[in-house]
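Dear colleague,

Please find the structure below, followed by a short account of what was found in it.

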Amino acid sequence: MSWNPALDPGCPDEVGVDAIETLIVPRARDLGGFEVRHALPAPKRQMVGPFIFFDQAGPAELLTGQGIDVRPHPHIGLGTVTYLYRGDFHHRDSTGADQIITPGALNWMVAGRGVTHSERTSEAARSGPNGLFGIQTWLALPDTHEDVAPSFEHHGKEALPMIEDRGLSVRLILGSAYGKTEPATMLTQTFYADVTLEPGNRLPMPDDHEDRGIYIVEGSISVAGQEFDAGRMMVFRPGDRITVVAGDRGARLMILGGATFPGPRYIWWNFVASSRERIEHAKAEWRAANWGKGRFDLPFDDRDEHIPLPD
């Protein structure tokens, strides 16, 4: 029996390349010392399931003493995951969480009605040459959970389900796929996984989720005989049985998706909401800087500076 019970072993591709509903070429921008590639939201696609923001950071090489410093900043109406392949981040937030993010681990922060957090390269990493390579994603929260209290969960990589077969490995980061469920508390149907394929190996996409997408981190894959290189995101037509094949360099992928979100979301700066009014209220409270007495506070051990509201 195949490890994906919905697909018989050796099943050929059954669709044409038109099964790719949207092909996204991320925009690249230099943040001073490292590059970020921004895939979601895109002009022709705001979301894939609940995923509304998707950025690749790096790869970047940093000298001794150097690091990334993302100062305290706010979020509403979303959940965040920073998933690292290399390097680390010291995460601190206004829930009291204080956690070093390491490669392969899950750190799931739910902003709900409002949270503030910072991410900085750890002091230990700055003691020598270090690097950064990872993916940051945001998931929009459903209407019923936009105003929940903020929360934070950490699950080490050993706690995340792994599927391994000949020439293939899948680490499930969020949600459910291939008969496995990861331990974090999810608020909507979703899946998110880190996939490694050796050259020529095949990956059947989960067929029990409506929205499904792939981001190619490294290497290449082919879909219905057409090859796609690293730095591309593709979103598939619902209902099709999809199998992708790694190119001659192999491939590292992030697969993502879930239930189609019931309606569009407004997104401005770090705020995601079902209405513009919610965003305007959050903007006013961040501008007021009334820490600990309203919607926002600053992380306990990182209160000396914060990112101001954009003009």
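In which strand is the place of Leu78? Leu78 belongs to strand S6, residues 78–86; strands here are DSSP runs of E with at least two residues, numbered from the N terminus. Please note that this is a predicted model, in which local features need pLDDT of at least 70 and side-chain atom pairs count only at pLDDT 80 or more, while totals for chains, interfaces and linings use all residues. Residues are numbered from 1 along each chain as its sequence is written, and side-chain values use heavy atoms, with hydrogens and water left out.

With a relative accessible area of 0%, Leu78 is buried (under 20% relative accessible area, 1.4 Å probe, protein chains only). Its C-alpha atom is separated by 5.1 Å from that of Leu141, 63 residues apart along the chain. Setting aside residues up to four places away in sequence, Leu78 touches residues including Met109, Trp138, Leu141 and Val272 (heavy atoms within 4.5 Å).

S5 pairs with S10 (residues 115–120) over five bridges, and His73 stands opposite His117 in S10.

His91 lies in strand S7, residues 89–93, and is buried at 2% relative accessibility. Leaving aside neighbours within four places in sequence, the contacts of His91 include Met109, His117 and Phe152.

How values were computed: Helices (H or I, at least four residues) and strands (E, at least two) are DSSP runs, numbered from the N terminus. Buried means under 20% relative accessible area, exposed over 50%, partly exposed in between (1.4 Å probe, protein chains only). Two strands pair if DSSP finds at least two bridges between them.
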